[in-house]
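The coordinates are shown below.

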Amino acid sequence: MTGPYDDTTSVMFEVSSDSFWEIGNYKRTVRRIDDGNRLCNDLMNCIHERARIEKSYAQQLTEWAKRWKQNTEKGPQYGTLERAWTAIMTEAEKVSELHLEVKGLLMSEDFEKVKNWQKEVFHKQMIGGFKETKEAEDGFRKAQKPWAKKLKEMDSTKKAYHAACKDEKLAISRENASKLDPNMNPETMKKLQDRVEKSSQEVQKMKEKYKKSLEELDKCTPQYIENMEQVFEQCQQFEEKRLIFFREVLLEVKKHLDLSTNPSYVGIYQDLEQTIQMADAEEDLKWWRSNNGPGMTMNWPQFEDWSIDVNRSLSKREKKKHTDGITLTGMNQTSEQAAQVSKHSSSYLSVPNSSVQSSYNPFEEEAEEEAVVEEEKNSSPVSEKKEEIKTKNVSSYDKNKDSSDEETSNPFSTNGNSNPFDEEPSPGIEVSVRALYDYEGQEQDELSFKAGDSLTKIGNEDEQGWCKGRLSSGQIGLYPANYVEEIQ
């Protein structure tokens, strides 16, 4: 601003400077206060969105763990490896709980901390805006006002000086042009010379004013700088509090998000590793041998005396029926027959599915018929006597059946020639199901199917976990209940 006048300097001066000291450029610092309030809102939104992500992730982990735990329990996997596999789902459930804790901490501590700090630091005005913003604006305006007044005066004298210089230059040019013209009137030449002299005097006068106003501006500059620095420092201190606070909040957020430093989180994976390390193939194979292989106990066939009443009551076809159990009551037996029954079964005969299937012998019925024929051929007086006693007992039972309280409730009454075991039970409720796994029938009365096949479930599941069903081909048989799922 103190350099000599030329056109280049004038053009550069007209370009607005970006310096803080220029008039009005303090507004960026004032606007930073409003930006601080907006950044508080942004930080709270950021924390809130992360909390929602933590909650959603925890819910997905829980759903995944529940679904796969059920699949693993119902699936064919067994033994220690099943426990190791299930431990993965247990890990997911525990990690889900930790992420829900993270979500709670982010919202209850970090989010609320920013919210409360914002209310304490930024005070809204009734006319709009914040009190802190207005105070900074007023402070800068007051500090800049005297210097801005002097700057305006100096700018006016500078423009006047530059205009005088321009007039002087124009007058000198005209005078020089008149000297080259031989026809120029002397009187006109005198006027041009007077104009040049007058312009030179005006330039000197404006130059003195310009310098004087610039000196006065320079005298105000130190005070201007001091006042502006003071207000700016107050804004810096306000911003410093925000920066320090945000740093503390971000460290708290990191602490809540960093599960690697959480002892519970570390313990989850220590337990998981320990459970997986405990999976023992040899132990699982040994368990399978004991529960599904040669190590299982077996009710090997033993000699059993023939009994006409028991043979009449039970047939092999009824043993294969899918029922929860049948109780025989109200039957008169000889002492010999009672001893036979108590030795091999009990006075109450139950027919559960699994035991019937494992003890069924397709050749037993044929052997019994041959034994009856052989006994009739070689009947002795003693056997005839026994047969007579049996017949009498059965007759006495038939005579007293009308007075029996269990006449209507006993399905095993041998009235006439009818036998309730010769009739198939009602199929009950039929439900469409789909196979989850392949299954190969191990017995003649079991079904075989592939994963994805559809079949019809007949009745309910028994206590041993078996169901009766019908394939699309019409074949009826038994199958494991946990190998299928209902079709919705």
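At roughly what angle do the axes of helix α2 and helix α3 cross? The axes of α2 (residues 27–74) and α3 (residues 79–121) cross at roughly 165° and come within 8 Å. Axes here are lines fitted to C-alpha atoms, for helices over the stretch in contact, with angles from 0 to 180 degrees between N-to-C directions. The angle makes α2 roughly antiparallel to α3, a label given to angles over 145 degrees, whereas angles under 35 count as roughly parallel, 65 to 115 as roughly perpendicular and the rest as oblique.

The model is predicted: local features need pLDDT of at least 70 and side-chain atom pairs count only at pLDDT 80 or more, while totals for chains, interfaces and linings use all residues. Residues are numbered from 1 along each chain as its sequence is written, and side-chain values use heavy atoms, with hydrogens and water left out.

**The chain overall**

The chain has 13 helices and five strands; these are DSSP runs numbered from the N terminus, helices being H or I of at least four residues and strands E of at least two. Of its 488 residues, 29% count as buried, meaning under 20% relative accessible area, with exposed over 50% and partly exposed in between (1.4 Å probe, protein chains only). The chain exposes about 32,900 Å², of which carbon and sulfur atoms supply 51%; the areas come from the Shrake-Rupley method with a 1.4 Å probe, and for residues only the protein chains shown count as cover. Contacts are heavy atoms within 4.5 Å. Among contacts between residues at least 6 apart in sequence, 72% join residues at least 24 apart.

**Helix pairs**

Two packed helices are described by the angle between their axes and the distance between the axes. The crossing of α2 and α3 is left-handed, that is, the near helix is turned anticlockwise from the far one by less than a right angle; clockwise would be right-handed. By class, the contact of α2 with α3 has 23 nonpolar, eleven polar and ten charged residues. Nonpolar covers Ala, Val, Leu, Ile, Met, Phe, Trp, Tyr, Cys and Pro, charged covers Asp, Glu, Lys and Arg, and the others, Gly among them, are polar.

The axes of α3 and α5 come within 10 Å and cross at roughly 170°. That makes α3 roughly antiparallel to α5. Residues making this contact include Val102, Leu106, Lys113 and Trp117 of α3, and Phe238, Phe245, Val249 and His256 of α5. The residues of the contact divide into eleven nonpolar, one polar and six charged.

**Selected residues**

His256 is in helix α5 (residues 186–257) and counts as buried because its relative accessibility is 9%. Not counting residues up to four places away in sequence, His256 touches Val102, Leu105, Leu106, Glu109 and Asp110.

Val249 also lies in α5. Its relative accessibility is 1%, so Val249 counts as buried. Beyond neighbours within four places in sequence, Val249 is in contact with Leu43, Ile47, Lys113 and Val114.

Leu192 is another residue of α5. Leaving aside neighbours within four places, Leu192 is in contact with Arg174, Glu175 and Ser178.

Gln59 belongs to helix α2 and, at 42% relative accessibility, counts as partly exposed.

| Pair | Apart in sequence | C-alpha to C-alpha |
|---|---|---|
| Leu192 and Asn176 | 16 residues | 9.3 Å |
| Gln59 and Glu97 | 38 residues | 9.3 Å |
| Val249 and Lys113 | 136 residues | 7.9 Å |
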